[in-house]
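I am opening a new notebook page for a structure that I have not looked at before.

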Amino acid sequence: MGKRKSKAKPPPRKRLGKLETVFTCPFCNHGSSVECRIDMKDLIGEAVCRICQENFSTTVNALTEPIDIYSEWIDECERVNTLEEEEDEALRT
């Protein structure tokens, strides 16, 4: 009779690192000056720069993280910049 084979324990799961809540301001380029806050009671997310006082607000849901608010702010800045560029080109022609 042979010895029973023992089951090997599975390796421990790697923990995911926490996402940042402080970012670089797209207006003043000051590092770690934008703080993102989420108010789940009112379903509002807000990103505010402590240096230049620029801010951005958006609606949130249960899955929203601070990086999502910051990313939406950056996307909105890019959208506004491209609209302004298109208007400038239209005026030139």
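Which residues of strand β4 lie on its covered face, and which on its uncovered one? I keep in mind that this is a predicted model. Looking along residues 55–59, I find that the covered face of β4 holds Phe-56 and Thr-58, whereas Asn-55, Ser-57 and Thr-59 make up the uncovered face.

Next I looked up the partner of this strand. I see that β3, which covers residues 44–49, pairs with β4 in the antiparallel sense, and that five bridges join the two. One of the residues I followed across is Val-48, whose bridge partner in β4 is Asn-55, a residue of the uncovered face. I note that β3 and β4 form a hairpin with five residues between them, and that in the turn Gln-53 has a positive phi of about 65°.

I then turned to the whole chain, where I count one helix and four strands, which run β-β-β-β-α from the N terminus on. The radius of gyration is 23 Å, well over the 12 Å that the globule rule gives for 93 residues, so I record the chain as more spread out than a compact globule. Along its principal axes, I find that the C-alpha trace spans about 90 × 35 × 25 Å.

For burial, I noted that 19% of the 93 residues are buried, and that the chain exposes about 8300 Å², of which carbon and sulfur atoms supply 51%.

My last entry concerns charge: I list 14 positive and 18 negative side chains, and the centres of these two sets lie 29 Å apart.

Definitions and conventions:
Residues are numbered from 1 along each chain as its sequence is written. This is a predicted model: local features need pLDDT of at least 70, side-chain atom pairs count only at pLDDT 80 or more; totals for chains, interfaces and linings use all residues. Side-chain values use heavy atoms; hydrogens and water are left out. The radius of gyration is taken over C-alpha atoms; the globule rule is 2.2 Å times the number of residues to the power 0.38. Buried means under 20% relative accessible area, exposed over 50%, partly exposed in between (1.4 Å probe, protein chains only). Accessible areas come from the Shrake-Rupley method with a 1.4 Å probe; for residues, only the protein chains shown count as cover. Lys and Arg count as positive and Asp and Glu as negative; His and the chain ends are not counted. The place of a charge is taken as NZ of Lys, CZ of Arg, CG of Asp or CD of Glu. Two strands pair if DSSP finds at least two bridges between them.
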